[in-house]
Every structure is written in structure tokens, then in C-alpha cells.
Amino acid sequence: MPLSPEQEAEIAEQRSTARPTLRATSPGMEAHLYTAHPVLDHGFVRVVDYMGDDAAICQAARVSYGRGTKSVSNDEGLIRYLMRHWHSTPFEMCEVKFHVKLPVFVARQWIRHRTANVNEYSARYSILDREFYIPEPDQLAAQSVINNQGRGAALSGEEAQRVLRFLQDDASRAYDHYQEMISTEGQQGLARELARMNLPANIYTQWYWKVDLHNLLHFLRLRADSHAQYEIRVYAETMCRIVADWVPFAYAAFEDYRLGGATLSKTALDCLRRMLKGEEVTQENSGMSKGEWREFRATLD
Ligand SMILES: Cc1cc2nc3c(=O)[nH]c(=O)nc-3n(C[C@H](O)[C@H](O)[C@H](O)COP(=O)(O)OP(=O)(O)OC[C@H]3O[C@@H](n4cnc5c(N)ncnc54)[C@H](O)[C@@H]3O)c2cc1C
């Protein structure tokens with residue numbers, strides 16, 4: 001259960017209070033505003049605020065006085081042109097502020113994206129909740145034998161049960177000791193900023209994360225990708241669905257050129273041209289390393 005009944009009630013109250021505005025709004029994003037989308041076992045993503053829409057991207061690109069919309073098809077074409085040619089600044093005119101609840105080990109990967117503004121829940125000031133990420137059985141996977149940075153098939157039988165027991169027992173014991181150390185019953189009580197250091201990396205934290213659309217798309221391209229770890233990828237995929245509703249033209253262009261597209265090196269492009277002319281190109285005569293060739297073939301297949 002990612003949200004308590006009190007938190008649900010606060011969100012419902014926020015959602016029921018409408019205010020008139022002269023600002024541009026996106027109907028798709030208005031539907032998401034404040035709603036917490038569950039991710040993993042205790043996490044969520046919810047939009048706290050946003051600025052701009054597809055028209056705002058075009059308005060900035062044209063530096064226009066009005067809404068910037070000449071026609072819907074013009075806007076879509078312009079956005080696709082901007083995305084295709086890496087004209088990034090018009091996309092920076094849109095902003096979004098998320099409230100995210102996520103395990104600490106996911107937060108460590110996420111925080112590497114420096115082009116956002118972050119404010120995290122203070123575990124120096126507040127007491128962390130007893131909430132730990134425990135993978136679903138199908139995500140409790142073995143180390144991959146072909147990719148050092150990946151996982152293989154799900155563990156099974158006694159091994160799966162033992163791993164699950166370790167994860168649950170260790171988290172529970174660490175949290176019991178955390179509570180005992182900060183308790184002031186019959187003792188001074190250790191400072192929260194110190195007691196937290198024995199908590200495992202699967203405990204949940206929360207933050208507000210504000211980012212512009214250009215840098216958000218960069219984040220999503222890296223983290224909604226199959227190479228990203230499952231636990232961050234599910235957050236990115238949830239955010240992809242939100243962005244698709246917020247700025248449908250920009251998201252469709254992003255999906256086409258970035259998520260679904262590929263970048264080819266000069267050597268790879270030469271090989272492709274040779275193949276189109278009917279030449280049999282192999283790794284040996286391609287000028288590419290084995291790894292490059294494997295990735296090139298995977299792009300084409
Ligand atoms: C699948 C995957 C595996 C990874 N594995 C590892 C790993 O093993 N070890 C590890 O340490 N990291 C790893 N990372 C993290 C990765 O190296 C990046 O730190 C992370 O993806 C953030 O990307 P970024 O710097 O482009 O994003 P942002 O910080 O959002 O930056 C966006 C862009 O802004 C520019 N920029 C931002 N700040 C600066 C700056 N100070 N100087 C110059 N340019 C700047 C850069 O062009 C950058 O691409 C991994 C990431 C992925 C997706």
C-alpha cells in the first residue's frame with residue numbers, strides 16, 4: 001500500500017479544489033495532477049505541478065506573442081522537426097515537478113541525473129517508515145552469465161525462499177535496531193542522522209524532483225531502456241505514460257526518434273549502404289569490432 005488513508009484524503013482534497021487560471025494547461029496532465037501512480041511494492045510517482053504543453057514548445061520555437069499555434073498539424077510537424085534536429089531549448093520551456101517514493105538503491109541511480117532539482121525527505125529530521133522493497137518472485141533473478149550488469153532467469157525452489165527470507169529478516173532486524181537506537185525510553189536515544197546508517201538500501205525514501213522536458217526525455221531514454229535495471233525502469237515507464245498524456249506530440253516524436261530510433265556510426269552507415277547495394281557484409285569485412293557488429297545486427301534485426 002503506497003499511500004495511507006490520510007495521504008489519499010489529502011490528495012483527494014487537492015484534486016477536488018479547482019482554480020481558474022490564465023495559464024496554458026494540458027488536459028492530459030490535468031487528469032494526472034496529484035494522482036499517485038503505484039510503482040514497485042510501496043513506491044509511487046505523482047505529478048505535483050507542471051508548466052507548458054505541446055503549444056508552449058512551438059510558442060518558444062517561434063518566439064511568438066500568442067499561443068503559438070498556427071494549426072495542430074503545423075505544431076506536430078514543428079515538434080518532430082525540433083526533435084529530429086536536436087533543437088533542445090524549446091523542450092526546456094516545459095517543466096514538471098514529481099513527488100516520487102522509491103527505494104534508496106534506486107535513488108542512488110536516479111540522482112546521477114544532475115539536470116534536475118531535488119529535495120529529499122530528511123532522515124536527520126524525521127523517522128523513516130518501516131517499508132522495504134522486496135522483489136516479486138519473478139524479479140528475484142540469478143546473476144546473468146552473459147551480462148555482468150544484468151540478471152538471468154528467476155531463482156526457484158529452496159534458493160528463492162532462502163533469499164526472500166534473508167531480505168525480509170535482515171530488513172526487519174535492522175529496522176528493529178534502528179527503532180531501539182532512537183528510542184528515548186529509559187535512554188538518551190541516538191541521533192536519527194546516525195541511527196539511519198544501519199538501514200539497508202532497500203528502504204524507501206521520498207523526494208520532489210523537478211526537471212524540464214528536454215532533460216526528462218534524456219532521463220527516460222536511458223532509464224526506460226531495456227538496459228536499465230528493472231527497479232528504475234518501472235518508474236521511467238510510469239513517467240513515460242504521464243508524459244505521453246501531457247505533451248502527446250513531443251512524446252510521439254521522442255518515441256519515434258529516440259526510444260524507437262537508433263544512431264549509426266559512419267562505419268555502420270557505410271556497411272548499410274554496401275548491404276543495400278547487394279554486397280555481402282560480414283563482421284570481418286565491416287571494419288567493426290565483434291561487439292559493434294553484434295549491436296549493429298541487433299539494430300537491424
Ligand atoms: C544502463 C546504465 C548503466 C550505468 N552504469 C553506471 C555505472 O556502472 N557506474 C556509474 O558510475 N554510472 C553508471 N550509469 C550512470 C551514467 O553514467 C550517468 O551518470 C547517468 O545516466 C546520468 O546521465 P547524464 O550525465 O547524461 O545525465 P544528467 O546528469 O541529467 O546530464 C544531462 C547532460 O547534461 C550534461 N552535463 C550535466 N552535468 C554536466 C557536467 N557537470 N559537466 C559536463 N556536462 C554535464 C551532459 O551532456 C549530460 O549528458 C549508468 C547509466 C545507465 C543508464
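Helices, as the word is used here, are DSSP runs of H or I with at least four residues, numbered from the N terminus. The exercises below concern a predicted model.

**Exercise 1.** State in which helix Gln109 lies, and decide whether Gln109 is buried, exposed or partly exposed.

*Solution.* The next step is the neighbour count, for which a residue is buried with 20 or more other C-beta atoms within 10 Å of its own and exposed with 12 or fewer. Gln109 has 16 C-beta neighbours inside 10 Å and therefore counts as partly exposed. Finally, when residues up to four places away in sequence are not counted, Gln109 touches Gln229 and Ile232.

**Exercise 2.** Carry out the corresponding analysis for Arg223, giving its helix, its burial and the residues it touches.

*Solution.* Arg223 is found in helix 8. Because 22 other C-beta atoms lie within 10 Å, Arg223 is buried. Leaving aside residues up to four places away in sequence, Arg223 touches Ala228, Ile232, Arg233 and Ala236.

**Exercise 3.** Describe how helix 8 and helix 9 pack, covering the distance and angle of their axes, the handedness of the crossing and the residues that meet.

*Solution.* Two packed helices are described by the angle between their axes and the distance between the axes. For helix 8 (residues 213-223) and helix 9 (residues 230-246), the axes come within 9 Å and cross at roughly 135°. To classify this angle, one needs the cut-off that angles over 145 degrees count as roughly antiparallel and 65 to 115 as roughly perpendicular; helix 8 and helix 9 are therefore oblique to each other. Their crossing is left-handed. On the side of helix 8, the residues in contact are Leu216, Leu220 and Arg223, and they meet Ile232, Arg233, Ala236, Met239, Cys240 and Val243 of helix 9. Sorted by class, this contact has 7 nonpolar and 2 charged residues, with no polar ones.

**Exercise 4.** Which residues does the UniProt annotation "binding site" cover, and how far apart are the farthest two C-alpha atoms?

*Solution.* According to the unreviewed UniProt entry, the annotation covers Gln109, Trp110, Ile111, Arg112, Glu120, Tyr121, Ser122, Ala123, Arg124, Arg196 and Arg223. These residues span 115 residues in sequence, and their farthest two C-alpha atoms are 29.3 Å apart, so they do not all gather at one spot.

Key
Residues numbered from 1 in each chain as written. Predicted model: local features only at pLDDT ≥ 70, side-chain atom pairs only at ≥ 80, totals over all residues. Axes fitted to C-alpha atoms, helices over the stretch in contact; angles between N-to-C directions. Helix = DSSP H or I, 4+ residues; strand = E, 2+ residues; numbered from the N terminus. Parallel < 35°, antiparallel > 145°, perpendicular 65-115°, else oblique. Left-handed = near helix turned anticlockwise from the far one by under 90°. Contact = placed C-beta atoms within 7 Å. Nonpolar A, V, L, I, M, F, W, Y, C, P; charged D, E, K, R; others polar. UniProt positions renumbered as here; feature names shortened; annotations may be inferred.
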